Amino acid sequence: MAHCSHPEHQLEAYSDEHRQLLADIARLNNRLLDAHRDGRRLDSVIATIDPDPARYMFVDEGRGTLRRQLIQADEALAAAGTIAGHSRLTATTVPDATSATRPTVAISRTGEPVIGWIEWIEDVGEHVMAAIGATTYRLDPSPADCFRPTAIVGADGNPWMFYGMAVENEVRVFCRRFDGEEWSGREAVSDTAHPSFNQEVAVHTDGSIEVTWQGRVGERFGIFARRWRPDTGWDGTVGIDGATSSNVWDPAIAALPGAAAVHVWCGYHEGGYRIQYRLRNDDGLGPVHTIVQASGQGLHPSVATDAGGRIWCAFDVFDVAHHGGSGPTQLRAAGRVGEDFGWPGLGDPGLFMPPELVPPIATTLRVVEITPDGVADAPGVVAEGLHLGPSAYPRLAVESGGAVALSYRILRRLSMMTYHWEVAVQRLSADGWDPPSTLEPSDGGLEEPAIAAGTNDVVVAWTSDGRASINASWADGFGGLECPDLREHYGEVVWHGIHDAGRINWVRMPAGAAPAGPRHSSATVPAGIVGGARRNESRYRTTVNGEELTLYWGDLHRHSLISRCTSGDEPSVDDMYRYAWDVSDYDFWALTDHSENSTAYQWWTIQKAADLFHIPGRFVPLYGFEWTSPHTGHQNVIFDSARRGAPIVSSMAADSDTPDKLWRHLRRFGSYPSITIPHHPGSAMVPFDWDYRDDEMVRVVEIFQSCRGSYERDGGFRQYSDATLPGTFVFDALDRGHRFGLIGSSDHGYGTGYVGAFAPDLGRDSVFASLLGRRTIAATRRGIVVDARIGNTFMGGETTVAEAAPVEFTVHASGYRDIARVEIVKNGATVESVGPDLDLADGWVEAHIRVEWGWGPGTTDWSGSLVIDGGEVCQTDFWSPEVTGFDKSEVRWRAVTTSFGEPYGHQRGGIELTLVGPRAALVRVETTAGRIVARLGTIVDAGIVEGIVRGEGRLMIQPGVGGLTSLGTPTIDVIHHDETATPGWYVARVILVDGEMAWSSPVWVDG
């Protein structure tokens, strides 16, 4: 694609003051880039600008404070110190790598680098390339999906290239050998099931070459190895990770003396990732050991050894709060009430950013020596003064003299929510880790660098796509700079200038000295790990019109770091698939990065990753993206994913800037069937405009997301704090006549939401057909089943009944723990609630309430308490996340709501609990924002009781779900008889005792 230089698409709408601020931001960003090159410590600077009010500067959510923020940033930058000993190294560019990614490097006997990479050709495919000296080779004549090549130089001095490739829709590991003049034919290495990929290679002193890879075995991944010997060729394949049911990823290997090897990988077990290793020699395999980190998830291992047999291992330690939960509205177990969780369910909010977009993560990089007695950390500091996150992708190499070299990615944050990664290199010397060197140019995405050690040097290679200079001139927040010549490329608006994968660069570093022994105390290394990654649950099956359907679980709304909504806190595409498979335990899903942020190459990689992990019957990804209009709402576009070539459409292109234009545009590509899914309706920030309607395209709607909460209705259980715009909720749209099914999703962050799809099998066609048929449920957690129907009409369907005939709405519900409520909704109103009998004393009443504050401008601390005199607070096992303490007469909470400026409006918050007692019992609510005093009987009769507030806002008691107690069973069947015989739509709502819940899709009854 041609590059261009044109003003950003909204610049004409900015005021003169905005234009000056944009110029000042650009100056600050360029100063920050200079500071990166100079090795400055920028923690204090980043703290002043991130989160950043300029992200939505057009609506002035900073309310005039951006100027002060820029002054503070300038002051902090002027005072910022430098990283002692930092150096900046200049790279050499591989001439023929023009749209390249995933480099690998080895060093030949003559000292010249052997560099491999994947070259992408738009609308064609990929090739594995190799450069030896000044000569470049294309290893396969036909384009295909290619994966992560690995270059090595054999004991005879000849280069090898190993790589993953999709052949006949199956990904396998292949290799080629170079004899000095030409490359051999493609040779299959892996013989395990699709997909087999992520290979690593070690060269032994006896001339043999050992390959390890990640391959599928049944419903999980395993680590396998195979050895090539000069005289006999390939040995048989050996399973490395042991006979367990744990899922494993990212193998690494290094040769040891005596033709032995150490194998390292990342194993998932009971909610956590741990680094594991095992020794192998000709006599067999040793025991499996686990490297235990203090906390967090161990990811992306790399291993290297020296001639004396010392083993070094590097890996990421990734720590995130509330990983895999259902988000900020998730209830808290009674035993954890009062713990300091910060912002409920998430990290603290920024001054100008909602907390859901500030994920609480921390990344460290650990390097250890593996010894017979355990592991010991290398002395000194890795990445001192640099930022890591969400991963560093460390790579190790050990020179023949014993010097240890480490390369990794570092996060570079600027203002305006812009960021990129660079590459840093460090050496472990006798005194510990030397100061880091950063590489120029190495700005790009989060992709592992490559490193190889020779006799007297180390070579590092990486991808750079030039985004630092683009970030420096970024002037329009979310959408970036538009290239008009790309405007009609499926309506795509992309980052200005980032149209290809990148360029491959490399640098040579002189040899270092061997490190002394580790100085830190050894950590224990338990042997073995057992257990499974996948839940051992029985599948729910049901029959609909003679067809047996199975309930499968998925997510159709998830972002990677391609999207630009956070400050580089999202995982990579590769890691998102790891989390989807293990942590979230999805059967199907779609990665839906913002089309406005996605280049043609990134759209290619999203589809490529979906095909890599497409395993019918086990894991089914669909192609998708998010269409993100700031004016009419957000929609996820989901394709049936039968083949490549589906369009990616932007809300910022004139031909597709409204929902009706989007739907018309998608229909032009009728050979790529698609649906669109509105999300966070009801949000004051970006509600969906229900004046647009297309029931053929909008087959399902997101009613809940773990990033935020529920958008069911105003006043609903687990309603998110920014769901404050009346008339735009899901139930409002159904009342207006729209017809769609219901789903749950995750969106940003590290939570999990679910759509349950009823399909005859787990295949792309079947899952997509279930979405078209609206045979779905929405759930906050996996394992909550709702089966609702009227006669033979399953949820998502439409039926008619005879005039004056009653309607019988039947519901089967089950959960992974006891059910608290089953509620039947007709036309938006709860017409029946099945809950436990509280066995009240004579004359006592019960009130299921929500104490709510809202409509207050600015940030409001409405922390407080409710006390009941003469009655009781119902004691439950789970409480609203804001609750800090409770007993039978009182509940205390800590809560803050924020206004993020127009047009976002003012947040609302609420505490759910149940009160019981005589009607005369006195209820007193005291908060820092106002107070309420009322009799329990008044609360029961009036429904809504408003309080007296200090300043602007509303404090009130209103009907709610309240405290949740058990029905005494995890399974129940409910039959609701509606004698009214009036047309309408019916939904079943199921709530478990822990507050996790599910909704059926509607069933419509027409007159």
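A cavity is a set of points, on a 1 Å grid over the protein atoms alone, where a 1.4 Å probe fits but cannot get out. In this predicted model, local features need pLDDT of at least 70 and side-chain atom pairs count only at pLDDT 80 or more, while totals for chains, interfaces and linings use all residues. Residues are numbered from 1 along each chain as its sequence is written, and side-chain values use heavy atoms, with hydrogens and water left out. Across the whole structure, a search finds nine cavities of 30 Å³ or more, a volume being the space filled by probe spheres set on the points, which are joined across faces, edges and corners.

**The largest cavity**

- The largest cavity holds about 970 Å³ of space.
- Its lining (residues with an atom within 4 Å of a point) comprises 46 residues, and Arg102, Leu446, Glu447, Val573 and Asp574 lie nearest the centre.
- Elements giving two or more residues to this lining include the strands β3 (100-107) and β21 (297-305) and the helix α5 (573-581); helices (H or I, at least four residues) and strands (E, at least two) are DSSP runs, numbered from the N terminus.
- The most is given by α6, with six residues.
- By class, this lining has 20 nonpolar, eleven polar and 15 charged residues; Ala, Val, Leu, Ile, Met, Phe, Trp, Tyr, Cys and Pro count as nonpolar, Asp, Glu, Lys and Arg as charged, and the others, Gly among them, as polar.

**The second largest cavity**

- About 90 Å³ of space lies in the second largest cavity.
- Of its 13 lining residues, Arg558, Met576, Tyr579, Ser584 and Gly751 lie nearest the centre.
- Here α5 gives the most to the lining, with three residues.
- The lining of the second largest cavity divides into six nonpolar, five polar and two charged residues.

Notes. On a 1 Å grid over the protein atoms alone, a cavity is a set of points where a 1.4 Å probe fits but cannot get out, and a pocket is an open set with protein on both sides within 12 Å along at least five of seven lines; lining residues have an atom within 4 Å of a point.
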